[in-house]
Amino acid sequence: MALGGLISNRNFGSFIGSGNGCQRLGKSGAEVSKLFPNALLCRNHQPLQASLHHESGHMRRSFGCFLQPRMDSVIRFRNSIKINRSRAYYKSEESDITEGVVPSADGSAEAILVEGNLQNASPWWQQFPRRWVIVLLCFSSFLLCNMDRVNMSIAILPMSQEYNWSSATVGLIQSSFFWGYLLTQILGGIWADKFGGKVVLGFGVVWWSFATIMTPIAARLGLPFLLVVRAFMGIGEGVAMPAMNNMLSKWIPVSERSRSLALVYSGMYLGSVTGLAFSPMLITKFGWPSVFYSFGSLGSIWFLLWLKFAYSSPKDDPDLSEEEKKVILGGSKPREPVTVIPWKLILSKPPVWALIISHFCHNWGTFILLTWMPTYYNQVLKFNLTESGLLCVLPWLTMAVFANIGGWIADTLVSRGLSITNVRKIMQSIGFLGPAFFLSQLSHVKTPAMAVLCMACSQGSDAFSQSGLYSNHQDIGPRYAGVLLGLSNTAGVLAGVFGTAATGYILQRGSWDDVFKVAVALYLIGTLVWNLFATGEKILD
């Protein structure tokens with residue numbers, strides 16, 4: 001096609017510039033003029049009757065318009081026009097001749113290269129939807145978020161040996177992260193809804209990356225400095241989820257909401273996998289400070305990409321095509337940023353409380369499994385610590401896979417006409433009842449392999465929550481998506497803090513079966529509350 005589209009100097013150049021060129025058409029200049037009144041003829045036959053330059057958007061059914069040289073192919077002088085015969089490109093606007101074909105002397109046809117095809121052939125990365133660029137950037141930020149969070153769980157072992165920390169001190173250091181994390185859940189949502197998700201999420205990544213890099217320095221200065229730095233890191237990561245939710249509420253249409261959120265949240269799971277996999281290797285080869293320096297420095301690379309490609313809303317992006325803007329907005333106009341948060345109105349809505357309570361019930365079981373799983377593998381299944389650490393990766397991988405599967409299923413159901421309310425209730429019911437079922441089977445399994453399978457299936461079905469309650473904030477109040485996620489995730493973090501402590505208390509007086517029974521009971525409560533009060537309709541404008 002490309003070779004056929006090029007015009008040789010011998011054929012096409014002589015056709016324009018000499019009398020013999022008209023004979024190639026098999027007709028005289030006068031006959032050509034009759035067929036094509038506005039045709040561009042050579043000097044030996046007729047004067048120039050058509051301008052080589054037309055105003056933008058002008059269309060002619062003429063041969064002169066068919067042969068419209070590019071500007072760099074035409075050199076104007078006072079009373080004459082010279083054609084650059086080395087190379088010329090021509091475009092077809094509308095003619096009675098077969099588009100892109102020039103008849104030759106022997107009656108055959110030669111194709112010419114159409115300029116419009118060259119202009120429209122942009123690289124694939126320029127054709128990639130801008131909204132999914134935002135999704136991938138949010139995904140990578142969550143990947144870094146959990147990489148920086150879990151590295152301490154590995155590095156704390158050599159650190160405690162070096163500084164002679166007791167178990168109580170180690171627990172204090174691990175918990176200090178949540179001091180800051182709790183502080184900025186709601187604040188992060190307010191800031192994102194008021195100032196835009198780009199500013200807040202960018203601030204968060206820079207803040208927690210800097211705190212990660214400062215961790216080894218703070219540890220050498222003393223325990224109080226380390227506690228403050230870990231709390232500062234929690235402040236940065238606390239704004240991530242509300243800011244991301246605000247961004248996607250503006251960029252992603254409802255038909256793609258579940259899969260986009262599932263992909264972003266799977267970044268957290270894969271970040272845990274990456275952190276747990278690479279931290280031991282870095283510590284063994286370069287020492288424990290290398291984990292914090294290497295992971296923290298990755299945030300600067302992400303931030304540069306974020307500054308270049310991210311915008312808080314579609315109306316701020318100058319490179320967004322009109323076609324994609326219509327897909328995103330669906331014919332509606334973008335709303336102005338929030339100036340006042342209607343707290344009384346928000347807290348008066350039953351679906352909001354359904355979100356808060358369900359998030360608490362969901363995170364109770366999730367945090368227990370993720371925090372105590374190595375201990376369960378070691379005490380009950382009799383795996384050694386190395387085996388326990390490796391098996392801890394399996395639930396994260398399972399969650400990453402099933403979160404995306406659930407997202408595609410949810411969006412498919414919405415596209416086929418099922419109401420958003422029903423889709424959210426179905427997906428979250430799986431996210432509650434699946435873990436409840438598999439945890440209840442742990443007391444009946446006889447082999448460690450089956451126990452690990454039950455744990456993996458529990459977390460895999462839990463990941464369907466990404467298409468349930470985690471997508472619902474944008475459904476019921478897209479303008480306040482950041483604040484709503486801040487509210488519900490605050491309850492979720494409190495569930496993690498209290499649930500982790502309560503598990504230790506239960507194990508001192510009971511057994512692992514009692515721990516799992518409490519989690520199952522909360523899953524069932526969450527299922528009941530969600531199906532009674534949740535909705536997929538917008539209730540906050």
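**Salt bridges and a buried serine**

Modeller: In this predicted model, the side chains of D475 and R424 meet in a salt bridge, 2.5 Å from N to O. D475 belongs to helix α22 (residues 469-476) and R424 to helix α20 (residues 420-440), so the pair ties together parts that are 51 residues apart in sequence.

Biologist: Is D475 buried or exposed?

Modeller: Buried means under 20% relative accessible area. D475 has 4%, so D475 is buried; R424, with 1%, is buried too.

Biologist: Which residues do salt bridges that share partners join into one network?

Modeller: That network consists of R131, E256 and E324.

Biologist: How many salt bridges does the count come to?

Modeller: The count is eight. One of them is D316 with K315, where the closest N and O atoms are 3.5 Å apart. D316 counts as partly exposed at 36% relative accessibility, and K315 counts as partly exposed at 42%.

Biologist: Turning to S272, where does S272 lie, and what is S272 in contact with beyond its neighbours within four places in sequence?

Modeller: Contact means heavy atoms within 4.5 Å. S272 lies in helix α13 (residues 257-286). Leaving those sequence neighbours aside, S272 is in contact with N146, V150 and W396. Its relative accessibility is 1%, so S272 counts as buried.

Note on methods. Residues are numbered from 1 along each chain as its sequence is written. This is a predicted model: local features need pLDDT of at least 70, side-chain atom pairs count only at pLDDT 80 or more; totals for chains, interfaces and linings use all residues. Side-chain values use heavy atoms; hydrogens and water are left out. Helices (H or I, at least four residues) and strands (E, at least two) are DSSP runs, numbered from the N terminus. Buried means under 20% relative accessible area, exposed over 50%, partly exposed in between (1.4 Å probe, protein chains only). A salt bridge is a side-chain nitrogen of Lys or Arg within 4 Å of a carboxyl oxygen of Asp or Glu.
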